[in-house]
Amino acid sequence: MAWSASKIFMATIEDVFENTTALDADSDTFKVALFDNTITPSQTVASASTAYGAGVWASGGQSDASGWPAAGRSLASVTSGFSSNVYTFDAADTVSANSTTTLSGAYGCLVYDDTLTTPVADQGLCYNYFGGVASVTSGTFTVAWSASGILSITA
């Protein structure tokens with residue numbers, strides 16, 4: 001089935017509400033790892049299968065050694081909070097480290113908390129589908145986040 005949508009992991013939300021995951025949007029380091037179309041992400045997997053390097057994410061992300069590491073690029077300028085009963089998690093657009101990046105076949109990304117170690121190390125927060133294939137040859141690869149944020153939850 002491959003990629004078809006962007007979703008928040010239900011297990012991560014449950015872990016936060018049950019206080020088994022001490023996710024801190026203000027100080028944790030979040031990363032963005034790119035993936036091709038050989039995986040089928042699922043919103044309803046167990047906590048352990050949301051993590052970078054586990055479940056469908058076990059193969060590691062796509063990479064360009066100097067521009068976009070397999071483990072991902074860190075989110076910059078992370079913001080989060082409520083406005084009009086909507087919680088939004090957002091960050092600046094994520095850009096490769098240099099202008100000579102070569103990546104092909106990126107269909108989506110995993111956004112995960114690189115700071116967390118329990119209950120799951122590198123626990124996934126959400127995955128985002130690009131709507132099709134994205135590539136760059138000897139250029140800058142940019143994940144341009146939605147104006148509505150990386151994810152939002154309506155209360």
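**Cysteines and their surroundings**

Guide: The cysteine sulfur closest to that of C109 belongs to C126, and at 7.0 Å it is too far away for a bond. This is a predicted model, in which local features need pLDDT of at least 70 and side-chain atom pairs count only at pLDDT 80 or more, while totals for chains, interfaces and linings use all residues. Residues are numbered from 1 along each chain as its sequence is written, and side-chain values use heavy atoms, with hydrogens and water left out.

A disulfide is a covalent bond between the sulfur atoms of two cysteines. Here the term is applied to a pair of cysteine sulfur atoms within 2.5 Å. Searching the whole structure gives zero disulfides. C126 is therefore in none, its nearest cysteine sulfur being that of C109, 7.0 Å away.

C109 has a relative accessible area of 0% and is buried (buried means under 20%, exposed over 50%, and partly exposed in between, with a 1.4 Å probe and protein chains only). C126 is buried as well, at 1%. Across the protein chain, 42% of the 155 residues count as buried.

A pocket is an open set of points on a 1 Å grid over the protein atoms alone, where a 1.4 Å probe fits, with protein on both sides within 12 Å along at least five of seven lines; lining residues have an atom within 4 Å of a point. The volume of the largest pocket is about 320 Å³ (the space filled by probe spheres set on the points, which are joined across faces, edges and corners). Its lining has 12 nonpolar residues and no polar or charged ones (nonpolar covers Ala, Val, Leu, Ile, Met, Phe, Trp, Tyr, Cys and Pro; charged covers Asp, Glu, Lys and Arg; the others, Gly among them, are polar).

Three elements, α1 (10-17), β5 (86-90) and β10 (151-154), each supply at least two residues of that lining. α1 gives the most, with three residues. Helices (H or I, at least four residues) and strands (E, at least two) are DSSP runs numbered from the N terminus.

T154 is found in strand β10, and at 62% relative accessibility it counts as exposed. Not counting residues up to four places away in sequence, T154 touches N85 and V86 (contact means heavy atoms within 4.5 Å). The C-alpha atoms of T154 and S84 are 8.8 Å apart, although 70 residues separate them along the chain.

R73, in strand β3 (residues 73-74), is partly exposed, at 25%. Its contacts beyond four places in sequence include F30, W68 and T94. The C-alpha atoms of R73 and L34, 39 residues apart along the chain, are separated by 9.2 Å.

In the protein chain, of the contacts with a separation of 6 or more, 75% join residues 24 or more positions apart. The chain has one helix and 10 strands. Its radius of gyration is 15 Å, close to the 15 Å that the globule rule gives for 155 residues, so the chain is as compact as a globular protein of that length (the radius is taken over C-alpha atoms, and the rule is 2.2 Å times the number of residues to the power 0.38). The C-alpha trace spans about 45 × 30 × 25 Å along its principal axes.
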